[in-house]
Amino acid sequence: MNALFIMILTFAGYLIMYKLYGRYIGKKIFNLTREAGVPAVEMEDGTDYVPTQKEVIFGHHFTSIAGTGPIVGPAVAIIWGWVPALIWVFVGSIFMGAIHDFGALIISMRNQGKSIADYTAKYVNNRTRFFFFLIVFLELWILIAVFGLVIAIVFSMYPQSVFPIWCEIAIAVWLGHAVYKQGKGIMTWSIIE
């Protein structure tokens, strides 16, 4: 199947799900309004609370969605083919990653941008704070181990894939410098890169 066709189809699918499913969740479950303040603006301090361009936030969320999607998805494609990878990334990010990340973001924003451990202590009790920190720490430890294992397997199977990763790191550093130190437009230069 043509890669451009797959890209257009998945992009259209994401747009449709964003308009239907995303709006429904935002309005009916989280009761979102445009008037609600966000911690980055209300508590701006130049360090921890800093308003950010929507393109940067989109980029962070896009690369993080479904947790393992962007990292394991390409590895799945290399090992088992593009159909399982497409299902993993497309369906997984809509029905698992997107709702999880969206919910965690909204709940955090409604609690001064605090972590799940902090607002769990607020709503349950103080002991839960420690246990949530422990759970999150262990989950992240496992997640990093899985990422490392998958990438090690891909690098072992395809050693030529190491060089493009090195290039991505250099491009990311250069793009950050260009946007934040030289004042380049983030959208234009992201597309160029």
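Biologist: Which residue forms a salt bridge with Asp 118?
Modeller: Arg 129 does. The closest N and O atoms of the pair are 2.7 Å apart. Keep in mind that this is a predicted model.

Biologist: What parts does that pair tie together?
Modeller: Asp 118 lies in helix 6, residues 116-123, and Arg 129 lies in helix 7, so the pair ties together parts that are eleven residues apart in sequence.

Biologist: How many salt bridges does the count come to?
Modeller: One.

Biologist: And how exposed is Asp 118?
Modeller: Asp 118 is partly exposed, because its relative accessible area is 23% and buried means under 20%. Arg 129 is partly exposed too, at 35% relative accessibility.

Biologist: How many positive and negative side chains does the chain have?
Modeller: There are 13 positive and 11 negative ones. The centres of the two sets lie 9 Å apart.

Biologist: Let's switch to the surface. Which residues make the nonpolar patch?
Modeller: Ile 78, Ile 79, Trp 80, Leu 149, Ile 153, Met 157 and Tyr 158. The patch covers about 670 Å².

Biologist: Which helices each supply at least two of its residues?
Modeller: Helix 4, residues 69-80, and helix 7, residues 126-157.

Biologist: Take Leu 149. Where does that residue lie?
Modeller: Leu 149 lies in helix 7.

Biologist: Is Leu 149 buried or exposed?
Modeller: Exposed, because its relative accessibility is 53% and the cut-off for exposed is over 50%.

Biologist: What share of the contacts comes from residues 24 or more positions apart?
Modeller: They account for 54% of the contacts with a separation of 6 or more.

Biologist: Last topic, Ala 36. Where is it found?
Modeller: Ala 36 sits in the loop between helix 1, residues 3-29, and helix 2, residues 39-42. Ala 36 is partly exposed, with a relative accessible area of 48%.

Biologist: How far apart are Ala 36 and Arg 110?
Modeller: In sequence, 74 residues. In space, Ala 36 and Arg 110 are 9.1 Å apart, C-alpha to C-alpha.

Methods:
Residues numbered from 1 in each chain as written. Predicted model: local features only at pLDDT ≥ 70, side-chain atom pairs only at ≥ 80, totals over all residues. Heavy atoms only, no water. Patch = residues over 30% accessible without salt bridge, like charges linked within 9 Å, V, L, I, M, F, W, Y side chains within 5 Å. Areas by Shrake-Rupley, 256 points an atom, 1.4 Å probe, with all protein chains shown as cover. Salt bridge = Lys/Arg side-chain N within 4 Å of Asp/Glu carboxyl O. Helix = DSSP H or I, 4+ residues; strand = E, 2+ residues; numbered from the N terminus. Buried < 20%, exposed > 50% of the residue type's maximum accessible area, 1.4 Å probe, protein only. Contact = heavy atoms within 4.5 Å. Lys, Arg positive; Asp, Glu negative; His and termini not counted. Charge placed at Lys NZ, Arg CZ, Asp CG, Glu CD.
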